[in-house]
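Subject: Structure handed over

Hello,

Here is the structure for you to look through. My notes follow below it.

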Amino acid sequence: MAGPILTLELRGFQQLGAKLDGLPHRMQRTIVRRALRVAGNVVLDEARARAPRRTDSRRIKTKAGQSRGPGFLAKHIRLYFYRPRAGQLRASVGPTKAAFYGKFDELGTSRQPARPWLRPALQERAQQAVNAFGQTFMETLTAELTNAR
């Protein structure tokens, strides 16, 4: 993983967290991970749609001997899960190592101006992602509690 360009951190979910407190750790992780995946996929889809693409159809050879066609960056944007500390789970959307140059487009370099595509994707879909997280969280929580009985 090349590392996240941007991370959306959700705060203020005390009510949802209170519902998790009495559940086994494995069930908590399943519920939160599923909700994060749904919310992350909302942003992921928008990021892939906004990712810069070359207009010509030729393939470019890399130093490693691989070739990259138009849309390579869009195909190599992923949703990553990681644990910064015990008891925490975070999700990030960003390019893979193979598409490291996506950061250069997003942030710019000393010779290239920034052409943001990931930050606008998050800004466009942030509320939708939060809503999807909450809805999936409640649906998964209800399903897990029903199955546990």
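Of the 149 residues of the chain, 36% count as buried, meaning under 20% relative accessible area with a 1.4 Å probe and protein chains only as cover. The model is predicted, with local features needing pLDDT of at least 70 and side-chain atom pairs pLDDT 80 or more, while totals for chains, interfaces and linings use all residues. Numbering starts from 1 along each chain as its sequence is written, and side-chain values use heavy atoms, without hydrogens and water.

The chain has five helices and four strands, in the order α-α-β-β-α-β-β-α-α. These are DSSP runs numbered from the N terminus (helices: H or I, at least four residues; strands: E, at least two).

The largest nonpolar core has 32 residues. Such a core is a set of buried Ala, Val, Leu, Ile, Met, Phe, Trp, Tyr and Cys residues joined through side-chain atoms within 4.5 Å. Ile31, Leu36, Ala47, Ile77, Val93, Trp117 and Phe137 touch the most other members. Helix 2 (25-50) and helix 5 are among the elements that each supply at least two residues, and helix 2 gives the largest share, ten residues.

Glutamate 144 is buried but has no salt bridge, which would need a side-chain nitrogen of Lys or Arg within 4 Å of a carboxyl oxygen of Asp or Glu. The nearest side chain of opposite charge, arginine 34, is 4.2 Å away. Leaving out residues up to four places away in sequence, glutamate 144 touches Met27, Thr30, Ile31 and Arg34, where contact means heavy atoms within 4.5 Å.

Regards

Methods. Buried means under 20% relative accessible area, exposed over 50%, partly exposed in between (1.4 Å probe, protein chains only). Lys and Arg count as positive and Asp and Glu as negative; His and the chain ends are not counted.
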